[in-house]
Amino acid sequence: GATEFRSFGGHDAASASGLVQKVWRTGGKNPRASHKALNGEQVPLDDVFGNGLRWPGDSTGDTKEVANCNCRLDYTRE
């Protein structure tokens, strides 16, 4: 869905810009407990987060983890 396209596009742009880390930012009014627990988690750009997803809305994840996700990513150089 839209969350995955936005996440993937940002990931692609971050890689092209030399950014090397991604940071999970929990969003929405009623986030899943698993997503709330990830808020602020930072991993290398090509790694996965603690829930096994590459980014919010990752189509490779279980539906229960990605459906209606309102989280986003930030990126850093360190």
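A salt bridge is a side-chain nitrogen of Lys or Arg within 4 Å of a carboxyl oxygen of Asp or Glu. In this predicted model, the side chains of Arg72 and Asp74 meet that rule, with N and O 2.5 Å apart. The count by this rule comes to three salt bridges. The protein chain holds three helices and three strands.

**Overall build**
- From the N terminus on, the elements run α-β-α-β-α-β.
- The protein chain has 78 residues, and 35% of them are buried.
- Its accessible surface comes to about 4700 Å². Carbon and sulfur atoms account for 48% of that surface.
- Take the contacts between residues at least 6 apart in sequence: 63% of them join residues at least 24 apart.

**The sheet**
- Three strands form an open sheet in the order S2-S1-S3, and the pairing is antiparallel.
- Strand S2 (42-44) and strand S3 (72-76) each have a single partner strand, so they stand at the edges and one side of each lacks a neighbour in the sheet.
- Neighbouring strands of this sheet are turned against each other by 35° on average, direction ignored.
- Strand S1 covers residues 21-25 and pairs with S2 over three bridges, in the antiparallel sense.
- Lys22 has Val43 in S2 as its bridge partner.

- Arg25 and Asp74 form a salt bridge through their side chains, at 2.8 Å from N to O.
- This pair links distant parts of the chain: Arg25 lies in strand S1 and Asp74 in strand S3, 49 residues apart.
- Arg72 and Asp74 form another salt bridge, at 2.5 Å from N to O.
- Shared partners join Arg25, Arg72 and Asp74 into one network.
- Arg72 has a relative accessible area of 45%, so it counts as partly exposed.
- Arg25 is partly exposed too, at 28%.
- Asp74 has a relative accessible area of 25% and is partly exposed.

- Asp58 is found in the loop between S2 and helix H3 (63-66).
- Its relative accessibility is 0%, so Asp58 counts as buried; the cut-off for buried is under 20%.
- Arg54 forms a salt bridge with Asp58, and the closest N and O atoms are 2.6 Å apart.
- The side chains of Asp58 and Arg54 are also joined by a polar contact of 2.6 Å.
- Arg54 counts as partly exposed, at 30% relative accessibility.
- Side chains of opposite charge can pair when their charged atoms come close.

How values were computed
Residues numbered from 1 in each chain as written. Predicted model: local features only at pLDDT ≥ 70, side-chain atom pairs only at ≥ 80, totals over all residues. Heavy atoms only, no water. Pairing = 2+ DSSP bridges. Helix = DSSP H or I, 4+ residues; strand = E, 2+ residues; numbered from the N terminus. Axes fitted to C-alpha atoms, helices over the stretch in contact; angles between N-to-C directions. Buried < 20%, exposed > 50% of the residue type's maximum accessible area, 1.4 Å probe, protein only. Contact = heavy atoms within 4.5 Å. Areas by Shrake-Rupley, 256 points an atom, 1.4 Å probe, with all protein chains shown as cover. Polar contact = N/O pair within 3.5 Å; in protein donor to acceptor, adjacent residues only side chain to side chain.
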